[in-house]
Amino acid sequence: MAINLTLQNRCNQLCELCGKHDGNLNPYSVPPKGDDSPDNQVVLCVDCLEQINSANYSDTHHWRCLEGSIWSEVPSVQVLSYKILESLISEDWARDAREAVYLDESLVEWANAEDALEAEKVVHKDSYGVILESGDTVVLTQNLNVKGTNYSAPKGTIVRKIKLVQDNAEQVEGKINGDTIVILTKFIRKSV
Ligand SMILES: [Zn+2]
């Protein structure tokens, strides 16, 4: 991918993490930012890029470069350095480097945002572990008493167009006999 002029001027043909002069530099958007605004990007050599893409930071000798890049004047470079230092935090030098620099609160938030997103993600799965989505059709895997009514829905009942309960991975909503009820995911099977 070509590097735009703003980034070219900023990085001076050097990898913004390890400082390597490389004819093949690549812009990298620091997650969770996905756009290609220079403010969200870091210019990386192939060495750095490959290790980041594979999340493999075992070459600690290489990553000692973060002791310098964490002091960068470019926020995105600081954020990326911080994130990688987090992955290396069991190394004394990495912990020292991360603690030595004061990062603006918004930058720390940026650095931690990806993990937070991951943790917040609620995934609904049916009784067989198949991922459910809103709009799916499911089948009841056992007889269910429908709360607040006097009927029970027999095993095998088909429920169309379920809705996921956003903050609870164990619940979906669906219509049975015209009533919208909450159904536990452990009692349903996705219909294909
Ligand atoms: Zn590099």
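In which handedness of crossing, left-handed or right-handed, does helix 5 pass helix 7? Before I answer, two remarks on the model are in order. It is a predicted model, in which local features need pLDDT of at least 70 and side-chain atom pairs count only at pLDDT 80 or more, while totals for chains, interfaces and linings use all residues. Residues are numbered from 1 along each chain as its sequence is written.

Helices here (H or I, at least four residues) and strands (E, at least two) are DSSP runs, numbered from the N terminus. Helix 5 passes helix 7 in a right-handed crossing; a crossing is called right-handed if the near helix is turned clockwise from the far one by less than a right angle, and left-handed if anticlockwise. The contact involves Pro75, Gln78, Val79, Tyr82 and Lys83 of helix 5, together with Leu107, Trp110 and Ala111 of helix 7. Residues are in contact if their C-beta atoms, placed from the backbone, lie within 7 Å.

The axes of helix 5, residues 75–87, and helix 7, residues 105–120, come within 9 Å and cross at roughly 50 degrees. Such axes are lines fitted to C-alpha atoms, for helices over the stretch in contact, with angles from 0 to 180 degrees between N-to-C directions. The two helices are therefore oblique to each other: angles under 35 degrees count as roughly parallel, over 145 as roughly antiparallel, 65 to 115 as roughly perpendicular, and the rest as oblique.

I turn now to the domains. The chain is divided into domain 1 (5–120) and domain 2 (138–190), with bounds from an automatic or database domain assignment. Their C-alpha centres lie 46 Å apart.

Next, the strands, where two strands pair if DSSP finds at least two bridges between them. Strand 8 (171–176) and strand 9 (179–184) run antiparallel, joined by six bridges; one of the pairings sets Gln171 against Leu184. These strands form a hairpin with two residues between them, and Asn177 in the turn has a positive phi of about 55 degrees.

There is also an open sheet of three strands, in the order 6-3-10, with antiparallel pairing. Strand 6 (158–159) and strand 10 (188–190) each have a single partner strand, so one side of each is left without a neighbour in the sheet. Three bridges join strand 3 (138–140) to strand 10, and Leu140 has Ile188 as its bridge partner.

Finally, two loops deserve mention. The peptide bond from Pro31 to Pro32 is cis, with omega near 0 degrees, and Pro32 lies in the loop between strand 1 and strand 2. Ala55, in the loop between helix 2 and helix 3, has a positive phi near 50 degrees.

Note on methods
Contact = placed C-beta atoms within 7 Å.
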